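User: Please walk me through this structure, with cut-offs given for each term.

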Amino acid sequence: MWSRAAALIACALTATLVATGATPAQAAAADTERPTAPGPITVVAVDTTWIELTWAASTDNVGVVRYPVGAQFEDFGAQYSTDTNSIRIEGLRPSRTYTFSVWALDAAGNSSVSNPTLRLTMPPGDDQPPGAPGQPVAYDVAATQVWLRWAHSVENVVLDRYEVFRVDAGGALTLIRDVSQYPPRNSTQISGLTPNTTYTFVVRARDEAGHLSPLSAPVTVTTLPPPPSCAVRSTVRQWSDGFAATLVVENTGTTAVDGWTMTWRFWASQQVRGIWGATVVDRPNNGYLRVRNTARNALVPPGGSVSLGLVATGTQLPQEVTLNGGLCVVADE
């Protein structure tokens with residue numbers, strides 16, 4: 001009898017111990033209660049490139065384990081983390097306006113809601129304007145557009161953007177482009193221009209503190225006449241890994257073409273083995289080949305034509321031929 005009673009007591013004790021040991025795991029698995037939102041964010045200290053923040057701690061039925069903190073500037077953002085109710089964030093930029101946010105997480109991954117944010121502009125760390133940009137250079141001039149590039153301004157902290165102005169008659173400035181990518185690019189395309197018209201442009205730099213540079217030296221450029229009407233005939237001899245092509249491009253308009261560039265489709269993997277009647281300029285966007293006239297065939301009168309030949313690798317034959325920006329019609333043989 002005693003032996004059976006002892007066995008029953010031992011079983012009861014074992015069951016109790018197992019149940020007691022399982023309680024914390026079951027409680028953690030069952031924790032679905034969110035922490036309360038942190039209190040309002042307060043600035044403890046701030047300089048041009050760093051900030052210290054604090055907030056009232058969240059409460060939770062089990063316990064808060066971490067506070068993620070976000071710092072957002074326009075479309076750029078970063079996230080930090082702390083296990084206390086304060087943080088120091090470094091590597092910020094002077095004069096930028098950031099939105100800081102904080103929320104609480106518990107061990108079960110529950111996140112607080114209605115979390116506080118703070119929008120704050122960092123102190124200016126810059127009391128010097130940038131230097132003048134280099135004189136713009138005009139390239140890729142067409143009938144209605146032109147590309148400009150210039151040497152970067154010298155700036156002691158952070159350059160924010162370039163502003164491109166058209167210089168009107170009498171010297172008045174009209175802002176036509178705001179080059180605000182970050183980091184700022186020192187080139188831009190000006191479109192919507194009038195064919196066969198002379199324009200003057202200048203560039204100015206602006207830093208993140210709002211200081212303006214002197215104006216660059218001006219550049220004056222004349223857009224090309226409207227694209228000519230043209231037709232193209234081609235003769236191609238092709239083999240397994242290349243081809244030889246002859247193009248005859250006719251000026252079908254009523255105005256002479258005096259100086260020309262021509263483009264056509266050309267894969268990035270292809271290589272020019274030989275060319276005559278033209279000189280290779282470049283390969284814009286890696287999808288085309290661009291050539292220009294030689295000294296002997298720059299002038300193409302109305303009804304006249306220009307011939308050029310090409311030997312190249314690959315199987316992409318000349319297609320979508322343009323003359324001074326105008327797409328040529330494929331002529332019947």
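This is a predicted model: local features need pLDDT of at least 70, side-chain atom pairs count only at pLDDT 80 or more; totals for chains, interfaces and linings use all residues.

User: How many strands does the protein chain have?
Analyst: Helices (H or I, at least four residues) and strands (E, at least two) are DSSP runs, numbered from the N terminus.

User: What does the C-alpha trace span along its principal axes?
Analyst: The spans are given along the principal axes of the protein chain. They come to about 120 × 60 × 25 Å.

User: What share of contacts between residues at least 6 apart in sequence join residues at least 24 apart?
Analyst: Contact means heavy atoms within 4.5 Å. Among those contacts in the protein chain, the share is 64%.

User: Which element gives the largest share of the lining of the largest pocket?
Analyst: A pocket is an open set of points on a 1 Å grid over the protein atoms alone, where a 1.4 Å probe fits, with protein on both sides within 12 Å along at least five of seven lines; lining residues have an atom within 4 Å of a point. The largest pocket has 24 lining residues. β9 (137–139), β19 (261–265), β21 (279–282) and β22 (288–292) each give two or more of them. The largest share, three residues, comes from β19.

User: How much space lies in the largest pocket?
Analyst: Grid points are joined across faces, edges and corners, and a volume is the space filled by probe spheres set on the points. Asp-140, Ala-142, Gln-145, Thr-263 and Arg-290 lie nearest the centre of this pocket. Its space is about 780 Å³.

User: How much space lies in the second largest pocket?
Analyst: This pocket is lined by 16 residues, with Pro-225, Pro-226, Pro-228, Ala-256 and Val-257 closest to its centre. Its space is about 300 Å³.

User: Is Asp-140 buried or partly exposed?
Analyst: Asp-140 is in the loop between β9 and β10 (146–149). Its phi is near 50°, a positive value in a residue other than glycine. Buried means under 20% relative accessible area, exposed over 50%, partly exposed in between (1.4 Å probe, protein chains only). At 34% relative accessibility, Asp-140 is partly exposed.

User: Which residues is Asn-297 in contact with, leaving aside neighbours within four places in sequence?
Analyst: Asn-297 sits in the loop between β22 and β23 (299–300). Its relative accessibility is 15%, so Asn-297 counts as buried. Its contacts are Trp-260, Gly-277, Val-306 and Ser-307.

User: What distance separates the C-alpha atoms of Phe-73 and Val-232?
Analyst: Phe-73 belongs to strand β3 (residues 64–73). Phe-73 is buried, with a relative accessible area of 12%. Phe-73 and Val-232 are 159 residues apart along the chain, and their C-alpha atoms are separated by 52 Å.

Technical notes: Residues are numbered from 1 along each chain as its sequence is written. Side-chain values use heavy atoms; hydrogens and water are left out.
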